[in-house]
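Open the structure in your viewer and follow the stops below in order.

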Amino acid sequence: IFDECHRSQFGETHKRITKFFNAAQLFGFTGTPIFAENSFKTDLGKRTTKDLFGECLHKYVITDAIRDQNVLKFSIEYIGRYRQKGNTFIDIEVEDIDTKEILDSPARLEKIADHIIKYHDEKTHKREFSSIFAISGIDNLIKYYEIFKAKKEAGEHDLRIGAIFSYAPNQEIKATEDYISEEDYPMVAEKVSLYNEKHDREKLDDIISDYNGMYGTNYSTKDGKLYENYFKDISKRLKEREKSTFNDAKDRLDILLVVNMFLTGFDAKKVNTLYVDKNLRYHGIIQAFSRTNRIYDKKKSQGNILCFRNLKDKVDDAITLFSNKEAIEDIVIPPYEAILRKFSQAFSELLSVAPTVDSVNDLISEEDEMKFIKIFRELIRLINVLKSYVDFSWKDLPMSEQSFADYRSKYLDLYDKVKNDKSKEKSSILNDIDFEVELLHRDVINVAYIIKLIGKMKQDKKTDPDALKKFIYDKLAGEVELRSKRELIEKFIEENLPLIDDIDSIEDEFEKFWSEEKRLALKDICEQENLDQKQFAALIDAYIFNSQEPLRDDVFKCLDQRPSILQAREIGDRIIERMKGFIEVFVEGMVA
C-alpha cells in the first residue's frame, strides 16, 4: 500500500519492490495522480500512476473534499509584476513577465518583500497563523532572507522569519525551477547555486544561527543529526502552533522561506497563507496550495495564496486536470468584487430586519432575534473573507466600520443574553445557535489599549473626556475579549481614576486594582462553594498552564465535603463554569 503514490514511485526502488514481490497486489493513494499531461521523464521514459498501479478504483477529488468540509477553498491573488524602465522597475500586467533578469532582480525581490511585510498581518489574522514562502531557487531564497533580515534590523518589521533548503555538497545538481522535490528526507540537493559570496551550506548555517538566536536552539549543518533536528523543529513549530507549546509569541514562526521542502505532504492547521515566487505546474500547484487549506476554525475561512508570478492559466489547468473545468468556482473563492456584492445583499437583508442599530432592541420574538443573528453572522463571515484581500477598504462597503461595530455590539448583547440567561427553557430556539464570536476577536483592542485610552482621557485637555469615555465604553461593549471585563474597567474609571494625580502611575494603579479585584473574586467563589482557596487556586493555575479542563474528582478534592452522587455532576459542572468565568475575566487577554 503506497500513500502519496505520485511521489517517489517512478524510480529504481519501485522496480525492485515489484520485482521481488512478483505476486503482489499494489494499492496507491494520491490526491494528485501523474497523468500523461503532468508526467515527467524517468529511466523508463514517461510513466503515469496508471502505468504503475493500474486502473483507478475510486475517485474522491478536491471538490468532493471541499463539499464535505474536509478542506477549505483557496483565495488566490495575482500581485502586480514589474518591467525595467531606465534604472527602476514599474508594475505591469501579469502577462508581460518572463525575463529571468527581471524575475531575479534585487529591486523586484525587495518590492515583493515590502508587499509581504505590509499585508502579512491581514492575511494571518495578526500572526495567529503562519505562512510559507515558496521561492524559485536557493539563490533567490538567500537574497530574500537577507532583504527581510536587513529590513528587520532597520526596524521596518518584527516578523519571525526562518528558512530551510537542502544544500548540494558538490554543487553539481541540475536545476529545474518548476520542480517540487519528491524526496521526503531533507538532506537532498534542490538546485545548483550560482551564489558567489559563500557556499550554500555556509549561508544556510548563517540562517540556522539566526534561528538558534531566536529560539535558543543549537542546530547546524555540520552534523547530519543536528540538521535533521533543525528540519524537525521547524516542522513541529508549524504543526503544533495550535498547542500551547508553540503558541507563545516567543516561539512563533511567522514565515518559512523554502524552495521545495514543506510544499508537499506537510500538513499544519495553523498555516493559512502561501506566498509564491516560483513557477509551478499541475500536481506541484495543487500540492503547494494545499499546505494552506487544512480545516482549523471559523476564523480560517480559506487558504490564502499570493502569487507574484503569472500562474493563472497554470492554476486553471491544474484544477481542470485533477477535477474538471467547471470545478474552478468550487475550489477558488470568487474575486473581491463578487464578495462585495454578497456583502451588499446581506446588508440589505439586515436593514429589512433591523433598519437601525437601536431597532435591534425592539425585536420582540425569538424568531426575529434569530433572523438578526443569522444575517449579521453572515456579514461577519463575509468581512472575514474580504479582509484577506489586499484591496479591502471599508469605503467599498455599504456600511461604515462604525456602523458595523454598533451592530456588532448588539449582536454580542444577544450572545450574552443567551449565554447567561439560565432561566431560559431548553426549548428556546436560540439555545443551540452558533454565534461564531471567535470571528469578532481582534488582538489590537485589548486591555493595554484601553489603559492607554484611559491615560489619554486623564492627560489630554483638548479631548472631550465625556466623548472619550463614551468611545472607551463602546469599545468595551463591542469587543468579545473585553466584554467580560467591562464592569470592572468601568468601575476603575468611575471610582479610582478621579483619585489618581500622577498620569504615569495609571498603569500601576490599574494593576493594583485588578489584583485586588481578582483576589476578592477568588475569595467569593471559594466561600460560596465551600472550596479550599489554596487548592482551588492551584487547580486554576494548572488549567491555565495545560488548557485542559480539570476532572470533577480534582474539583471535589478542593471541597470541604465531597457531594453526594446525585449532586456531584451539578456541583462539579457549576464550579468548573465559575472557574472558566474567573479565567475569562482576570487572565485571558491581560497580556498584549
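Start at the second largest pocket, with a volume of about 1,400 Å³. A pocket here is an open set of points on a 1 Å grid over the protein atoms alone where a 1.4 Å probe fits, with protein on both sides within 12 Å along at least five of seven lines; the volume is the space filled by probe spheres set on the points, which are joined across faces, edges and corners. Select Phe29, Thr30, Gly31, Thr32 and Pro33, the closest to the pocket's centre of its 42 lining residues (an atom within 4 Å of a point). Next, colour α2 (49–53), α3 (62–67), α9 (282–289) and α10 (312–322), which each give two or more residues to this lining; helices are DSSP runs of H or I, at least four residues, numbered from the N terminus. The largest share, three residues, comes from α2.

This is a predicted model, in which local features need pLDDT of at least 70, side-chain atom pairs count only at pLDDT 80 or more, and totals for chains, interfaces and linings use all residues. Residues are numbered from 1 along each chain as its sequence is written, and side-chain values use heavy atoms, without hydrogens and water.

Now select Ile1, in the segment before α1 (12–20). Ile1 counts as exposed, because its relative accessibility is 80% (exposed is over 50%, buried under 20%, partly exposed in between; 1.4 Å probe, protein chains only).

Last, go to Tyr415 in helix α14 (residues 401–420). Tyr415 is partly exposed, at 22% relative accessibility. Its C-alpha atom is separated by 9.5 Å from that of Ile433, 18 residues apart along the chain.
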